[in-house]
Amino acid sequence: MIGLQDRTPTRSPGVSRLSNALLRRGGLVLALSLAAAAPCRAEEGNIFSNLFKYGGTTVPPSQPEALDPPYCPPVEVVEGAAASRTLAGDTVRTQYALARLARECTRRQDGSITVKVGAEVNVLLGPAGAPGRFEVPVTFQIRYNGKVVSSRAERVSVTVGPGEAQGFATVVADDLQVPAAMTAEYDIAVGVGAGKGAGKAAAKPRRRKPAVAAAPAGGGDAAQ
């Protein structure tokens, strides 16, 4: 009988070295393939991530928290100070009067409110008047419970040209302060002239619930 022969092929030393080299190379290729397939991890704070997230290479400073819209009441006219006249004897020379009024309110980080108030002033010539340039005093007030909390006097120059019967000009008072404890119930008032009515408080304070003014950004209104 013919004996069974071992059919396992034998490898020469040169073939074994070649096989080992191929295996090593294949392992390297496999490792590179796995590395390429693995998802990249974003690094917090690097230039690329900042550019992608913030649109620039640096992290922008943190923004303050949004503040609630401020209460911004309509502008009132100081009692007895809607208009003022100058006389020549018993005849009216000029009359100064308030026209349109506007305000803008901004809440601050400390809870207080700053108010910006604008007033249009009209100068009307009377029978004894003549064209020219007129300096009109205007008083702006912040009130709380009928009492004046802060007051500011401004002067506006109004010109009435030749052949004209009247003229208009505007004046603005910035940064009128409302303390944080008074921001729910305060009043804004404007008066024209330096007469006795410009500094008087309202005869009877009004009490009303806090409200948010329906106004443009920052809290304000159009001309009244």
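What percentage of the 224 residues in the protein chain is made up of buried residues? In this predicted model, for which local features need pLDDT of at least 70 and side-chain atom pairs count only at pLDDT 80 or more, totals for chains, interfaces and linings use all residues. Residues are numbered from 1 along each chain as its sequence is written, and side-chain values use heavy atoms, with hydrogens and water left out. Buried residues make up 28% of the chain, where buried denotes under 20% relative accessible area, exposed over 50%, and partly exposed the range in between (1.4 Å probe, protein chains only). The chain exposes about 15100 Å², of which carbon and sulfur atoms supply 57%; these areas come from the Shrake-Rupley method with a 1.4 Å probe, and for residues only the protein chains shown count as cover.

The mean pLDDT of the protein chain is 75, with 57% of its residues reaching 70 or more; pLDDT is the predictor's confidence in each residue, from 0 to 100. Where pLDDT is low, the predicted coordinates should not be read in detail.

The chain contains two helices and eight strands, which follow the pattern α-α-β-β-β-β-β-β-β-β when read along the sequence; helices (H or I, at least four residues) and strands (E, at least two) are DSSP runs, numbered from the N terminus. Of the contacts with a separation of 6 or more, 70% are accounted for by residues 24 or more positions apart.

β1 and strand β8 (residues 187-192) pair in the parallel sense over three bridges, and Val-75 has Ile-188 in β8 as its bridge partner.

Another open sheet of four strands shows antiparallel pairing in the order β2-β3-β4-β7, and its edge strands, β2 (83-88) and β7 (166-178), each pair on one side only. Strand β3 (residues 91-107) and β4 run antiparallel and are joined by twelve bridges, with Thr-94 standing opposite Leu-125 in β4.

Leu-125 counts as buried at 17% relative accessibility. Leaving aside neighbours within four places in sequence, the residues in contact with Leu-125 include Arg-93, Thr-94, Phe-134 and Val-160. Leu-125 and Arg-85 are 40 residues apart in sequence, and their C-alpha atoms are 9.9 Å apart in space. Asn-122 also lies in strand β4 (residues 113-125) and is buried, with a relative accessible area of 12%. Not counting residues up to four places away in sequence, Asn-122 touches Gln-95, Tyr-96, Ala-97, Gln-166, Gly-167 and Phe-168. The side chain of Asn-122 makes a polar contact with that of Gln-166 (3.0 Å), a polar contact being a pair of N or O atoms within 3.5 Å, of which, within protein, one must be able to donate a hydrogen and the other to accept it, while residues adjacent in sequence count only if both atoms are side-chain atoms.

Note on methods. Contact = heavy atoms within 4.5 Å. Pairing = 2+ DSSP bridges.
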